[in-house]
Amino acid sequence: MRVGAGPVADEGQSFFDAVGGHPTFARIVVRFYEGVRDDDILRPMYPEHDMEGAVQRLTMFLEQYWGGPGTYSEQRGHPRLRMRHQPFHVNPEARDRWILHMRAAVAEAGLAPLHTATLMDYLERAAHSMVNTFDETPRP
């Protein structure tokens, strides 16, 4: 039985391959950062001069996590997500905005419902684990 628009996974196939590989993850990440660009809470965390770098790093990380190439670790070492996000003001408001934009990006990817649920389950748990303060978001 096939449900949804996404591809069906073959036995032994990685999640990365089952959802369409690099093109799928690249589309999700680009769409995610389109939302971030206009977000008054998240945008200050992403300097303009490094926006493309952020796109590349998140794409490589997600691809590696889901069974694709190990480029992220080859270039950057162990992900150490909490350590890498520690310098940023990640409170529940920022977490919720991050999830909002990621949910929109994943929804637009046209994955099978099971793939969408699997991916969002991980992304939401990861976002919750990045919270490092309960202080209010600084406003200019």
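A: Let's start with the term: rings of Phe, Tyr and Trp (for Trp, its six-membered ring) pair if their centres lie within 6.5 Å, and a pair is stacked with planes under 30 degrees apart, edge-to-face over 60, and tilted for the rest. This is a predicted model, where local features need pLDDT of at least 70 and side-chain atom pairs count only at pLDDT 80 or more, while totals for chains, interfaces and linings use all residues. Residues are numbered from 1 along each chain as its sequence is written, and side-chain values use heavy atoms, leaving out hydrogens and water.

Now the rings: one aromatic cluster is made up of Phe 15, Phe 61, Tyr 65, Trp 66, Tyr 72 and Tyr 122. Searching the whole structure turns up 10 aromatic pairs. One of them joins Phe 32 to Tyr 33, edge-to-face, at 4.8 Å centre to centre with 75° between the planes. Both Phe 32 and Tyr 33 are buried, that is, under 20% relative accessible area with a 1.4 Å probe, protein chains only (exposed is over 50%, partly exposed in between). Of the protein's 140 residues, 43% count as buried.

And the setting? The protein has 7 helices and 0 strands, taken as DSSP runs (H or I, at least four residues, for helices; E, at least two, for strands) numbered from the N terminus. Among contacts (heavy atoms within 4.5 Å) between residues at least 6 apart in sequence, 68% join residues at least 24 apart. Along the principal axes, the C-alpha atoms fill a box of roughly 50 × 30 × 25 Å.
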